[in-house]
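Open the model in your viewer and keep the selection panel at hand.

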Amino acid sequence: MPSQHNFTEEPFSGDNIKEIHQLFEKDAGLYSIPLESFKNASINDPDFDPEFSMAFRDEDGRILAAFMGLKRTTKITILKREVNYKFSIINLFVVARQYRRKGIGSAILSELLHRMKKRRIRRVRVMSSPPNYLWPGLDPRYTAAYFFLKKNKFKRKGKEHVNLVHEIPNKLQEPAKKLGEYTFTRINSSDIESTKDYIKSNHMGMWPKEFQFSINNKPFTTFIAKDGSGEVIGFASHSIGFPGSFGPTGVKKSVRGKGIGGILLKWCVWDLKQQGIEQMIIRWVVGDTMKFYCKSLGARIDHVYWNMKRRI
Ligand SMILES: CC(C)(COP(=O)(O)OP(=O)(O)OC[C@H]1O[C@@H](n2cnc3c(N)ncnc32)[C@H](O)[C@@H]1OP(=O)(O)O)[C@@H](O)C(=O)NCCC(=O)NCCS
């Protein structure tokens, strides 16, 4: 922090998170995030570490800046085996408008990176913090943030990530409960373990972890398909990260191409509609899967996100 300022630092906590959220709502621009989702992405994140969260108050007691980093330790599924995966992220940062371009953001970032380095973190990326995340990278429409990161030695790397949007129509028919031998339902408590096992055996990466967040929602926000013998053969989750998000979803390879994924997707759209949500954001869509959403829902590319990284 530049020495001419007399600011006081405190970590993010249950006591100040509302004020921090208000600063983001007022001054970060572009997105409005409900308080609960903001808490889930910050103080309620499983890897939240107060040392990597920094909020500053000015002489009048108002929060003027807030930065947060995460050292993520999670499990990913590779070839049906769970392995530990570690990476670090700068996931939230804002400086109040009237305090910008005075070097304050750079000073806070430098201190945060210093703390991370002391904890043996060597690489950081920006925003994309699966399995619990708000954005899959930096939305370049945060143009000041892009130049700020660039000035602070972050580089754009790899492919961009894409979110699609589906405007949910006013009139919707309830999706099918059955398709041949396959049945479609919202998951209930007795299905949780078999669904987790299904995801671990059939899908890679962090999906088993992401799925678990849908079980924190009331009612649960995962729909499943079962075959005639009652075995789970597909799933789709929504409202992980924030209300209205869609994903992850997957159908067992041997039964793809029968319309099961489309019905699971439509159950999620239906469920959002019942909650009064008018837009579905399909998150972090990769490659040709975009076509599936475009074809089955008329979804369109909405936002692109850049991968920003640096060594420390
Ligand atoms: C990004 C942000 C934190 C920078 O804070 P800051 O205190 O202004 O940062 P600094 O003064 O240390 O650095 C300023 C640098 O940022 C970049 N920058 C800031 N405002 C800019 C603008 N309007 N246009 C282009 N670049 C800009 C420049 O590189 C600038 O360096 P320069 O002054 O030498 O040209 C602040 O602009 C902000 O809060 N933006 C909105 C929040 C946001 O986008 N957060 C990301 C999503 S959570």
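**Stop 1: the largest cavity**

Select A41, D45, L70, R72, N91, L92, M127, S129, N132, Y133, L134 and W135: these residues line the largest cavity. A cavity here is a set of points, on a 1 Å grid over the protein atoms alone, where a 1.4 Å probe fits but cannot get out; lining residues have an atom within 4 Å of a point. Colour β3 (63-78) and β4 next, the elements that give two or more residues to this lining. Helices (H or I, at least four residues) and strands (E, at least two) are DSSP runs, numbered from the N terminus.

The space inside is about 60 Å³. Volume means the space filled by probe spheres set on the grid points, which are joined across faces, edges and corners. The count comes to one cavity of 30 Å³ or more. Ala, Val, Leu, Ile, Met, Phe, Trp, Tyr, Cys and Pro count as nonpolar, Asp, Glu, Lys and Arg as charged, and the others, Gly among them, as polar.

Before moving on, note that this is a predicted model: local features need pLDDT of at least 70, side-chain atom pairs count only at pLDDT 80 or more, and totals for chains, interfaces and linings use all residues. Numbering runs from 1 along each chain as its sequence is written, and side-chain values use heavy atoms, with hydrogens and water left out.

**Stop 2: the largest pocket**

Select W207, T249, W284, V286 and T289. Of the 34 residues lining the largest pocket, these are the closest to its centre. A pocket is an open set with protein on both sides within 12 Å along at least five of seven lines. This one holds about 1,000 Å³ of space.

Now show α6 (207-214), β12 (245-251), α7 (260-274), β13 (279-285) and α8 (289-297), which each give two or more residues to the lining. Which element gives the most to it? That is β12, with six residues. By class, the lining divides into 16 nonpolar, twelve polar and six charged residues.

**Stop 3: the ligand**

Select the ligand. Its space is the second largest pocket; a molecule sits in a pocket if more than half of its atoms lie within 2 Å of the grid points. The shell has 19 residues, and F93, V95, R101, G105 and S106 are the closest.

Show β4 (81-95), α3 (104-118) and α4 (143-151): each supplies at least two shell residues. With five residues, α4 gives the most. The shell's classes are twelve nonpolar, three polar and four charged.

A polar backbone atom of V95 is 2.8 Å from a ligand oxygen. A backbone N or O atom of G103 also lies 2.8 Å from an oxygen of the ligand. For K151, a polar side-chain atom lies 2.9 Å from a ligand oxygen. The protein covers 81% of the 930 Å² of accessible area that the ligand has on its own (Shrake-Rupley method, 1.4 Å probe).

**Stop 4: backbone details**

Go to P131, in the loop between β5 (123-126) and α4. The peptide bond from P130 to P131 is cis, with omega near 10°. Jump to P248 in strand β12. The bond from G247 to P248 is cis too, with omega near 0°.

Finish at S239, in the loop between β11 (232-238) and β12. Its phi is near 60°, a positive value in a residue other than glycine.

Notes
Near = heavy atom within 4 Å. Polar contact = N/O pair within 3.5 Å; in protein donor to acceptor, adjacent residues only side chain to side chain.
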